Amino acid sequence: MMSSRYVVSLIAATLVVSVAFQPTFADPLHKVGQEGAWQHEQSGWVFPKQIGTFARIGAPYEIDGTYDVGARYESVVDGVSARAAVHIYAADSAAQDADFAAAKAATNGKLKDESPFQVATRSKMAGTKVTYELDEQNRSRAALYFIESGTWIVNVRTTTDLPSSAALQSLDRFVNDLD
C-alpha cells in the first residue's frame, strides 16, 4: 500500500513535469523599432504605422486566436476616403478569407473586373485583383487583392468613395508598398 506522502509526491512531480513540458506559443505580433511598426512573428510580415498616404488604425490584431493576423489602414486625400484591411493567413488556415473563392464571394457588390496582379516590390508575389462596384451610382468601389506566397496568404480588402482613377491607383500603390 502506498503512503499518502508518496501519493502527494507523485502528484506534485506529475504537475511539475506537465507544466515544464507544456508547448509554448510565441506572441504572434510584437512591436519592432521606434517607428510604431509591428511584426508578425511567424511570417516576418511587418505592419508599418504608415504606408504611403495610408495610416494604420490602432495596433494589428490576431484573428480568432490563431497565427492569422491583420491590420486596418485609412487614407483621406482631397476629401476622398480610402480604407484597407490587410490579413495574413497561414496557407492551411481554416479562415474563410484564406480561400480565394470564399473571399471573392464574401464581398458585397457587383463584380466589375478580375485580373492578375503583380506586387511591384516583391518579385515573387503575384495574385489576383478583383474589383466590385458597391452601389448602382458607382460612388464607391471595393477591391480584393488575393496573393498566395508559399506558406502564407495575403488578403487585402480595399474600399474607396468616389472611385476616380487617382483613388483607384492609390489602392494599387498601397498594395505595392506593403512590406
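Lys104 is found in helix H2, residues 100–105; helices (H or I, at least four residues) and strands (E, at least two) are DSSP runs numbered from the N terminus. The model is a predicted one, in which local features need pLDDT of at least 70, side-chain atom pairs count only at pLDDT 80 or more, and totals for chains, interfaces and linings use all residues. Residues are numbered from 1 along each chain as its sequence is written, and side-chain values use heavy atoms, with hydrogens and water left out.

With a relative accessible area of 25%, Lys104 is partly exposed; buried means under 20%, exposed over 50% and partly exposed in between, for a 1.4 Å probe and protein chains only. Its side chain makes a polar contact of 2.5 Å with the side chain of Glu114. A polar contact is a pair of N or O atoms within 3.5 Å; within protein, one must be able to donate a hydrogen and the other to accept it, and residues adjacent in sequence count only if both atoms are side-chain atoms. Neighbours within four places in sequence aside, Lys104 is in contact with Glu114, Val130, Tyr132 and Leu144, where contact means heavy atoms within 4.5 Å. The C-alpha atoms of Lys104 and Ala143 are separated by 9.5 Å, and the two residues are 39 residues apart along the chain.

The largest nonpolar core has 27 residues, of which Phe47, Tyr73, Val86, Phe174 and Val175 touch the most other members. Such a core is a set of buried Ala, Val, Leu, Ile, Met, Phe, Trp, Tyr and Cys residues joined through side-chain atoms within 4.5 Å. At least two residues of this core come from each of strands S7 (69–77), S8 (80–90), S11 (140–149) and S12 (152–161) and helix H3 (165–176). S8 supplies the largest share, 5 residues. A second, separate core of 11 residues includes Ala95, Ala103, Leu144 and Ile153.

In H3, the buried residues are Ala167, Ser170, Leu171, Phe174, Val175 and Asn176. Val175 touches Phe117, Val119, Tyr145, Ile147 and Val156, when residues up to four places away in sequence are not counted. The 12 residues of H3 should span 16 Å at 1.5 Å a residue, and the end C-alpha atoms are 16 Å apart, in agreement; the expected span is 1.5 Å times one less than the number of residues.

A search of the whole structure finds 4 aromatic pairs. The ring centres of Phe54 and Phe174 are 4.6 Å apart with planes at 50°, so this pair is tilted. Rings of Phe, Tyr and Trp (its six-membered ring) pair if their centres lie within 6.5 Å; planes under 30 degrees apart count as stacked, over 60 as edge-to-face and the rest as tilted. Because Phe54 lies in strand S5 (residues 54–56) and Phe174 in helix H3, the pair ties together parts that are 120 residues apart in sequence. Phe54 is buried at 2% relative accessibility, as is Phe174 at 1%. Phe100 and Phe146 form a tilted pair, 5.2 Å centre to centre and 55° between the planes. Phe100 is in helix H2 and Phe146 in strand S11, 46 residues apart. Phe54, Tyr73 and Phe174 form one aromatic cluster.

Asp64 lies in the loop between strand S6 (61–62) and S7. Asp64 is exposed at 71% relative accessibility and, although not a glycine, has a positive phi of about 55°.
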